[in-house]
Amino acid sequence: MSLYTQLQQARSEEDVKDAYIKALGLKGYTKGLIDIQSKEIWFEAKHTGRESSYAMFTQLLHYVQDGINKGEPVPPFLAVIDTEKAAIMKSADVLP
């Protein structure tokens, strides 16, 4: 089943996360406060397309700042995903 089809059938944020994990073949990830977290990329996920990418990145950047404050490594990429759109940016573009 294609990513598009899986997203059209998604009934929850967990379905959206699982669809992207499968489509991207992510390994070594965790799901938690940061919706999908790996050494390479952090994702903020939403169930529907109602939230703007800007709002989703803003939420994710709060987690980035928290990680920086705790001395944790920040991955090279940040992404936001939902059933209608996806966006990615380099962490270096937003780090102080």
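**Sheet, cores and surface of the predicted model**

Ile41 in this predicted model stands opposite Phe77, a residue of β3. That pair is a handy way into the sheet, where β2 and β3 run parallel and are joined by five bridges. Strands are taken from DSSP as E runs of at least two residues, helices as H or I runs of at least four, both numbered from the N terminus; two strands pair if DSSP finds at least two bridges between them. As for the ground rules, residues are numbered from 1 along each chain as its sequence is written. Local features need pLDDT of at least 70 and side-chain atom pairs count only at pLDDT 80 or more, while totals for chains, interfaces and linings use all residues, and side-chain values use heavy atoms, with hydrogens and water left out.

Stepping back, the sheet is open and has four strands in the order β1-β2-β3-β4, with mixed pairing. The edges belong to β1 and β4, each with a single partner strand, so one side of each lacks a neighbour in the sheet. On the β4 side, the pairing of β3 with β4 is antiparallel and spans five bridges. These two strands make a hairpin, with four residues between them, and Leu78 sits opposite Met89 of β4. Four of the five residues of β3 are buried, so β3 is largely enclosed by the rest of the structure. Buried here means under 20% relative accessible area, exposed means over 50%, and partly exposed lies in between (1.4 Å probe, protein chains only).

What about the inside? A nonpolar core is a set of buried Ala, Val, Leu, Ile, Met, Phe, Trp, Tyr and Cys residues joined through side-chain atoms within 4.5 Å. The largest one has 13 residues, and Leu7, Val16, Tyr20, Leu26, Ile36, Phe43 and Ile81 are those with the most contacts inside it. At least two residues of this core come from each of α2 (13–24), β2 (41–45) and β3 (77–81). The biggest share is from α2, which gives four residues. Contact simply means heavy atoms within 4.5 Å. Setting aside neighbours within four places in sequence, Tyr20 is in contact with Leu3, Leu7, Ile81, Asp82, Lys85 and Ala86. There is also a second, separate core of 10 residues, with Met56, Tyr63, Leu78 and Met89 among them.

Ala45 belongs to strand β2 and is buried, with a relative accessible area of 0%. Not counting residues up to four places away in sequence, Ala45 touches Glu13, Lys17, Asp35 and Ile81. Between Ala45 and Ile88, 43 residues apart along the chain, the C-alpha atoms are separated by 12 Å.

Out at the surface, Leu33 lies in the loop between α2 and β1 (36–37) and counts as exposed, at 63% relative accessibility. The C-alpha atoms of Leu33 and Asp93 are 22 Å apart, with 60 residues separating them along the chain. Val94, in the segment after β4 (86–90), counts as partly exposed at 34% relative accessibility.
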